[in-house]
Amino acid sequence: MQAQENGSLSHSAAGLYETCLDTLRLKFQGEEKELFYRSFENAYRQISYKNRENKRRYWSKTALVLMVLGTGASGTAAAVSLFAIARELFSTSTQSGALTAIIQSCIPLILVFLLALGFLAACLFTEFERRNYKETWARHSAAYHRLNIAMVRHLSGLTDEEDFMKEALHILEADIDRFEHNISGS
């Protein structure tokens with residue numbers, strides 16, 4: 001109830017997981033355990049940051065507006081100018097055989113067509129880039145939530161320290177494997 005009054009459940013969840021990290025820091029004292037904790041916290045914070053950043057980039061309002069309006073407008077401009085070029089070529093070629101006259105009358109239409117194609121290509125490139133953010137957002141989001149579950153499970157007494165460490169390392173290794181798989185394209 002308190003989280004809903006404050007605006008967002010995600011803010012209260014973030015606070016909960018910060019508390020979990022603080023509790024883990026206290027539990028993982030000593031040279032070997034502290035090394036694990038520092039590595040875990042570093043990886044956790046990187047994944048958390050990348051999760052938020054890729055989500056923000058994927059749902060970028062600029063990219064969405066560009067995709068909807070840009071592709072529609074440039075696609076329409078390209079189609080209209082292409083039909084106008086075709087109409088001009090067919091109507092001019094039957095009236096006059098001069099190739100230079102035909103080309104001169106079509107130059108503005110050809111420029112509009114090429115500009116529209118260029119803008120359409122830029123819109124499609126933006127969408128492909130946006131889709132890359134979606135995959136990395138999904139990958140980091142899954143790892144982030146799995147690490148959160150592992151922390152809560154351990155701090156609730158459902159797993160012992162060794163099992164938590166193994167599970168956390170397994171989650172991080174799976175994230176790295178997925179990254180390597182995506183990079184290699186296989």
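Is Val68 buried or exposed? I looked this up before anything else, in what is a predicted model. Val68 is exposed, and its relative accessible area is 63%. I placed Val68 in helix H4.

**Entry: the surface around Val68**

Val68 belongs to a nonpolar surface patch with Val65 and Leu69. Together the three residues have about 300 Å² of accessible area.

**Entry: the chain as a whole**

I stepped back to the overall layout. I counted six helices and zero strands in the chain. Read along the sequence, the pattern is α-α-α-α-α-α. The chain has 186 residues, and 28% of them count as buried. I noted an accessible surface of about 12,300 Å² for the chain, with 63% of that belonging to carbon and sulfur atoms.

Among contacts with a separation of 6 or more, 76% are between residues 24 or more positions apart.

**Entry: Arg87**

Next I returned to helix H4, which covers residues 61-95 and holds Arg87. I recorded Arg87 as exposed because its relative accessible area is 58%, and the cut-off for exposed is over 50%. I also took one distance from Arg87.

**Entry: salt bridges**

How many salt bridges does a search of the whole structure find? The search gave eleven. I wrote down the general point that side chains of opposite charge can pair when their charged atoms come close. I then went through some of the pairs.

*Lys33 and Glu161.* These two form a salt bridge, with 2.9 Å between the closest N and O atoms. The pair links distant parts of the chain, its members being 128 residues apart. Lys33 sits in helix H3 (residues 31-58), and Glu161 sits in helix H6 (residues 161-184). I checked the cover on Lys33 and found it partly exposed, at a relative accessible area of 33%.

*Glu41 and Arg45.* Here the closest N and O atoms of the salt bridge are 3.1 Å apart. Why are Glu41 and Arg45 separated by about one helical turn? They are four residues apart in helix H3, so about one turn lies between them. Glu41 is buried, with a relative accessible area of 16%. Arg45 is partly exposed, with a value of 34%.

*Arg56 and Glu53.* I found the side chains of this pair meeting in a salt bridge at 2.3 Å, N to O. Both residues lie in helix H3, three residues apart, which is about one turn of the helix. Arg56 has a relative accessible area of 49% and is partly exposed. Is Glu53 buried or exposed? Glu53 counts as buried because its relative accessibility is 16%, and the cut-off for buried is under 20%.

Technical notes:
Residues numbered from 1 in each chain as written. Predicted model: local features only at pLDDT ≥ 70, side-chain atom pairs only at ≥ 80, totals over all residues. Heavy atoms only, no water. Helix = DSSP H or I, 4+ residues; strand = E, 2+ residues; numbered from the N terminus. Buried < 20%, exposed > 50% of the residue type's maximum accessible area, 1.4 Å probe, protein only. Salt bridge = Lys/Arg side-chain N within 4 Å of Asp/Glu carboxyl O. Contact = heavy atoms within 4.5 Å. Areas by Shrake-Rupley, 256 points an atom, 1.4 Å probe, with all protein chains shown as cover. Patch = residues over 30% accessible without salt bridge, like charges linked within 9 Å, V, L, I, M, F, W, Y side chains within 5 Å.
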